[in-house]
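User: Can you walk me through this model? I'd like to start with the surface and then go to the details.

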Amino acid sequence: MSIPLAADAPESMSFEDAVRSLSADREKMNAPAESARPAADSAVPATADEEELAVEADGAAPPEEDPGAEEEPEAIEPEEEALPPIEAPRSWTKEEKEAFKSWPREAQESIARVASTREAQFRRSQNEVATKEKALADRLQAAEQAKQQYEASVQDHLQALEREQRREFPDIKTWDDVKAMQATDPLRYQAWDLHQKELALVSKQAAEVKERQEKEFADKWTEHVQKENELAAKDIPDLLDKDKGPALVKRAAERLVEIGFKPDELQQLSEGRASISIYDHRLQRLIHSDLKLSDIEKAKAAVVRKPVPQVQRPGTARTSAPAVTQQIQALERQLATATGSKAIQISAQIHQLERKAASRR
């Protein structure tokens with residue numbers, strides 16, 4: 001690309017002189033348009049002209065800035081959505097939960113995170129304990145079943161050996177029979193001797209089983225008696241008294257003998273080695289006596305009724321009604337201090353007089 005020079009330009013000049021010449025020619029051409037600009041703008045440093053001419057020489061124009069262009073406003077971020085509330089730990093009190101609502105969210109999140117971790121650890125520990133307890137219960141149950149099977153097998157084995165003894169050696173009853181068998185039939189004697197050794201071993205095992213069972217039963221019975229005595233003492237405080245308690249137990253035993261129980265029966269019942277039916281006639285007598293005593297106590301506790309004047313019908317009034325009422329009142333006063341069969345008799349008389357008075361109305 002050739003750049004035309006002024007007509008009065010010298011034949012040879014340097015690059016700097018050529019740039020100055022071109023600048024001067026351009027200023028002359030643009031002088032009318034730039035007359036309105038301040039004089040200070042007319043002076044352009046040489047270095048700036050050189051850069052401008054270099055850009056034009058390359059054929060690319062620098063981008064012009066639009067002074068009127070406004071900067072784009074910064075994008076306004078939308079407001080954050082409201083976060084859900086954080087619940088206080090469930091183990092806290094109502095006052096603590098109310099205070100928790102006013103705390104900063106960062107503190108709430110931290111506390112909730114710690115509480116959640118602890119709760120998860122607690123649940124995990126509970127599950128582990130429950131699993132271990134179940135495994136232990138299963139092992140105990142399996143051990144109990146194995147013990148019961150062993151005890152039953154020992155007893156069955158002992159009974160089988162005893163039956164075999166009676167079947168195979170019915171004639172061997174004394175020591176002389178044993179010596180005779182050894183002399184006359186050595187092979188049978190060897191079988192008998194082996195059988196006796198096995199019988200002795202199994203008998204020992206059966207004795208150990210029986211001893212263990214008796215101890216377990218005694219422990220359970222002692223626990224049962226203690227529990228029932230504690231329940232009875234709630235209704236019978238005298239049982240806890242060191243003097244009244246033994247005397248009350250003695251009276252109860254004497255009363256049981258009076259209604260038909262034998263001393264050895266009472267001993268077995270007290271040790272848990274005997275049972276009694278609910279239909280036993282002696283037990284029925286005890287229940288009947290308790291019912292009568294209950295009726296007496298209710299009669300004593302009843303409030304003495306205040307006599308109400310009877311409504312008289314037209315005509316002649318009956319003179320027997322006031323007399324019956326007086327009798328009932330007198331019997332009620334006697335009933336307040338009566339005991340035993342006397343109280344029952346008075347109660348029956350009162351009931352009979354009340355029915356008589358009602359029938360005359």
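User: What kind of model is it, and what are the ground rules?
Analyst: This is a predicted model, in which local features need pLDDT of at least 70 and side-chain atom pairs count only at pLDDT 80 or more, while totals for chains, interfaces and linings use all residues. Residues are numbered from 1 along each chain as its sequence is written, and side-chain values use heavy atoms, with hydrogens and water left out.

User: What share of the residues is buried?
Analyst: Of 361 residues, 13% count as buried. Buried is under 20% relative accessible area, exposed is over 50%, and partly exposed is in between (1.4 Å probe, protein chains only).

User: And how many helices and strands?
Analyst: There are twelve helices and zero strands. Both are DSSP runs numbered from the N terminus: helices are H or I with at least four residues, strands are E with at least two.

User: Which residues form the largest nonpolar core?
Analyst: It has eight residues: Val-324, Ile-328, Leu-331, Leu-335, Ile-346, Ile-350, Leu-353 and Ala-357. A core here is a set of buried Ala, Val, Leu, Ile, Met, Phe, Trp, Tyr and Cys residues joined through side-chain atoms within 4.5 Å.

User: Switching topic. At what angle do helix 6 and helix 7 cross?
Analyst: The axes of helix 6 (residues 175-184) and helix 7 (residues 186-235) cross at roughly 135 degrees and come within 6 Å. Axes are lines fitted to C-alpha atoms, for helices over the stretch in contact, with angles from 0 to 180 degrees between N-to-C directions.

User: What is that pairing called?
Analyst: Helix 6 and helix 7 are oblique to each other, because under 35 degrees is roughly parallel, over 145 roughly antiparallel, 65 to 115 roughly perpendicular, and the rest oblique.

User: Which residues make the contact?
Analyst: Helix 6 contributes Val-178, Met-181, Gln-182 and Thr-184, and helix 7 contributes Pro-186, Arg-188, Tyr-189 and Trp-192. Contact means heavy atoms within 4.5 Å.

User: Is Gln-165 buried or exposed?
Analyst: Gln-165 is buried, at 16% relative accessible area. Gln-165 lies in helix 5 (residues 105-168). Not counting residues up to four places away in sequence, Gln-165 touches Pro-170, Trp-192, His-195 and Gln-196.

User: Where does Pro-89 lie?
Analyst: Pro-89 is in the loop between helix 3 (46-58) and helix 4, and is buried with a relative accessible area of 11%.

User: What does Pro-89 contact?
Analyst: Leaving aside neighbours within four places in sequence, Pro-89 contacts Lys-97, Ile-111 and Ala-115.
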